[in-house]
Amino acid sequence: MDRILIIDDNPAIGEALSLLLELDGHSPLCCSSPDEALEVLEQEEIALVIQDMNFSADTTSGEEGRTLFHQLQAKQPGLPIILLTAWTDLAMAVELVKAGAADYLGKPWDDQKLRLTVSNLLELSRLRRQERARQYQQANQLNQLSGFDLCGMQVHSPAMVSLLETATRVAPSDLPVLITGPNGAGKERIADILQANSPLSDKPFIKVNVGALPAELMEAELFGAEAGAYTGASKTRVGRFEAADGGTLFLDELGNLPLSGQVKLLRVLQTGEFERLGSHQTRKVKVRVISATNADLPAAIAAGGFREDLYYRLNVVQLALPPLAERPEEILPLAYHFLGDKAELQEDAKAALLAHPWPGNVRELENAISRASLLNQNGKITASDLALQVPPPVAAIAPTELDSQAITQALARHGGVIARAARALGVSRQQLYRRMEKLGMER
């Protein structure tokens, strides 16, 4: 229940406003003088103020209201203040709105307009408090991450802060980690961070791009091969598992591993044992395995292309890396990071970067910035230098046309972030909140 402070020397106005606000479930509190109001503000948690502009019977200048407004602002910055004005106070009310007042309403006021104004301001105030709390939490999390080696990764979004918090907690263990996410999102960098913050940081760290290996050579590459084990094998090959013994093996594009290789990989994970191709000698290694994939492994399991038992062996801890489009807070900071001091981003270039869907993720952004920094003419990068396709604007939709299924799907696609879901649906954040409330959906 929001506590609303009404400041007016006319008891009838205070009573009328109180009855009106109580209809919407608010808790009004009336004061008849500025001094009383300032004292109440010290003692009570006030969500919104409705204040008159004059408090003395022989005063109509509005100077008392101006003084009170600035005193309230000084005591509680950001407090929403609605000014109640007579026609003689209108110019001053406009001046105070420019100075930070939330709104002004003339006397006599329109009940419906006042109720709607109060509702909107309280909702906006709640959103601002949530955003401040989120920023405070993120700053604390970033501060906690400052003691870890992030391998140069730029972190500016809550999603990435949360993911790295998990990664740095998992890094000291020897548990297998599966990093999922689209191509170009930074999965290899997450593997680097896991290794850099583990007790194995000074031990071998072997990386294998499974997707780049020919199928017929994949097993030899991973497990080694004796001379003559296959055509062209003129000498003994040491596999990546042997090379990583005592350290970490990073298997990128794991979804491309054939079933025969999956069987051997499962055995190594279970027992640490394997044989080179063309050999019956069992070898034993101790290796931490970090794997990454852009594939939908549960779908591959259902289709018979990936072993379920191997999936659960590798997926002890999963780090799901979101695509760049779902962490828009990172787009411009990353662009500046890649650009360095080579050139300057113009406003239309920034707008183009923010509007682009980035199907190639961070890698695509880096390539776009590298290209633009080379091709711009005068050290100033414009939208045309980036040569990005801007998607058509989202068609606006009436909030009343949104059903719970459409809202649920939008929230799922955007990680539960209201602002992004609202943008995708073509409505404002406040409209989406109100529609969810009307549909009885939890926020």
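This is a predicted model: local features need pLDDT of at least 70, side-chain atom pairs count only at pLDDT 80 or more; totals for chains, interfaces and linings use all residues.
In what order do the five strands of the open sheet stand, and is the pairing parallel or antiparallel? I looked this up and found the order 7-8-11-6-12, with parallel pairing. Strands pair here if DSSP finds at least two bridges between them; helices (H or I, at least four residues) and strands (E, at least two) are DSSP runs, numbered from the N terminus.

Residues are numbered from 1 along each chain as its sequence is written, and side-chain values use heavy atoms, without hydrogens and water.

Next, I checked strands 6 and 11. Strand 6 (residues 177-180) runs parallel to strand 11 (residues 288-293), and four bridges join them. Ile179 stands opposite Ala292 of strand 11.

Then I followed helix 6 (residues 158-170), which lies across strand 6, strand 11 and strand 12, contact meaning heavy atoms within 4.5 Å. Helix 6 runs at about 150 degrees to strand 12; axes are lines fitted to C-alpha atoms, for helices over the stretch in contact, and angles run from 0 to 180 degrees between N-to-C directions.

Last, I turned to a helix pair. The axes of helix 13 (residues 331-339) and helix 14 (residues 347-355) come within 10 Å and cross at roughly 120 degrees. I noted Ile331, Leu332, Ala335 and Tyr336 of helix 13 meeting Lys350, Leu353 and Leu354 of helix 14.
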